[in-house]
Amino acid sequence: MKFLTKATAAVIGSAVMLSALPASGQISSVNELLSKVRQDAAKVEQENRQREAEFRQRRDQQQALLAKARADLGALERQAASVERTFAANRNTIDGLKGELRAAQGDFGEVFGLARSKAGEFKALLDSSLITAEYPNRTEVLGRVAESEALPSSEDLNAIYERMLQEIREQRLVKEFQAPVANVDDGAVQSVTRVGPFAVFTSGSANFLGYSAPTGESASAPLLKQLPKQPGGQISAAASDVTKAGSGDLVYAPIDPTRGALLESFERVPDVKERISYGGTIGYIILLLLLIGGLFGLLNIVRLFLIKTAVSGQKRKAQGSKSNPLGRVMLAYEGAKSKDADTVELKLDEAILKESPKLEVGLNLLKLFAGIAPLLGLLGTVTGMIKTFQAMMIYGTGDPQLMAGGISEALVTTMLGLIAAIPLLILHSFCSSLARSVQGTLEEQSAGIVARHVESRTGV
């Protein structure tokens, strides 16, 4: 029974395999199929043997490399041990030589130690002096003496007091010399003027320069650079006077007792534009009101002045003109002079009332701008203080700079509000005065016209 089952399965499997093979395989029997399977198995076995051989070859190569690396490591460890022994021997030799040197120096060792100490201190002093910009290499010998463990030569010792005398001598001089300036013409050499160790500026444009002490990392870098913001005013004028002065002339010279720090602090002083920007949006609105109100007020003054001139000219003429208010009032009388005195007076009052709005054009607008400006300043004060208290609440009161923005806005907007309100009030007052003057002239001339009209009617 089992045999029959296996035989049936073999026949079915062979049949399935035969049906799976392509028609081009030309396998027509079970023996051919078995032969084909054996050939494929032999081929796969050969490929596996070849792959195994390649793996073994790579393993041998890696083992060889590992052995070579271990050999190199051992050689390096032996070399390091030899270097350490040599270093220790050299250190012992140096310690012995230092001991011999100290014994040979005797009492002079303390003297030379003091010289090295003073050379180091004086080098630091000269490096911070503005005079070093004129003599950039003068502290090299001091640095060599301060850092050397050998005995300084007589030339080196003489250099210490020579540099001291040079510093004393140069501090009393106003000199012009050539030196590179970092941010002018790409670091090109410029003619600069030095006032002792207190200030230095370019000889051509009298722009103040800042000084940076030389560092070991960039020994050839320029030591001078033009300050980004000049002090201006009398300080810059004094520097300009020094550059223009001749030999023997006596002029005021700018002196910075902090030797540059005070002049460099001008960089942090805000100019007018920066101060206005501290006011923020409210500040710009106030300035816009000032600009519009100012232009309108000036134009209104010119208009009222021309009207006043025309009315003054009309007073000398018997015939009225439509080009000025008085002329139009006189024309109104011409139209009603045949009527009685009361009617004439009413007609003239009506003509004057028609002219008054024309004379007062814009006065209320000027008054409104003058009143709004300080109120906007007060609004900016409130918003600025709110920002200040918010900064205090978030960051605390440890850093005043965090609160400076809100305080600046509060104060600047108040200042701008007053700056805008004062001239606008003056313009409004001046315009009102001109308008009232013209109105007074019209009323005066109207009363005269009525009086002459009554006289002509009554014959008195």
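1. Let's start with Gln 178, which sits in strand E1 (residues 174-180). Please keep in mind that this is a predicted model. Gln 178 counts as exposed because its relative accessibility is 53%, and the cut-off for exposed is over 50%. Leaving aside residues up to four places away in sequence, Gln 178 is in contact with Val 189, Gln 190 and Ser 191. Its C-alpha atom is 77 Å from that of Ser 321, a residue 143 positions away along the chain.

2. Strand E2 (residues 189-195) runs antiparallel to E3, and four bridges join the two.

3. Strand E3 (residues 199-202) is worth a look on screen. Ala 199 and Phe 201 point one way, Val 200 and Thr 202 the other, and all are buried. In a regular strand, side chains alternate between the two faces of the sheet.

4. How many aromatic pairs does a search of the whole structure find? The search finds one. With ring centres 5.5 Å apart and planes at 70°, Phe 201 and Phe 208 form an edge-to-face pair, because angles over 60 degrees fall in that class. Both Phe 201 and Phe 208 are buried.

5. Finally, the annotation. An unreviewed UniProt entry labels residues 336-441 "domain: MotA/TolQ/ExbB proton channel". In the model, this span is 89% helix and 0% strand, and its end C-alpha atoms lie 20 Å apart.

Definitions and conventions
Residues are numbered from 1 along each chain as its sequence is written. This is a predicted model: local features need pLDDT of at least 70, side-chain atom pairs count only at pLDDT 80 or more; totals for chains, interfaces and linings use all residues. Side-chain values use heavy atoms; hydrogens and water are left out. Rings of Phe, Tyr and Trp (its six-membered ring) pair if their centres lie within 6.5 Å; planes under 30 degrees apart count as stacked, over 60 as edge-to-face and the rest as tilted. Buried means under 20% relative accessible area, exposed over 50%, partly exposed in between (1.4 Å probe, protein chains only). UniProt positions are given in the numbering used here, feature names are shortened, and annotations may be inferred rather than shown by experiment. Two strands pair if DSSP finds at least two bridges between them. Contact means heavy atoms within 4.5 Å.
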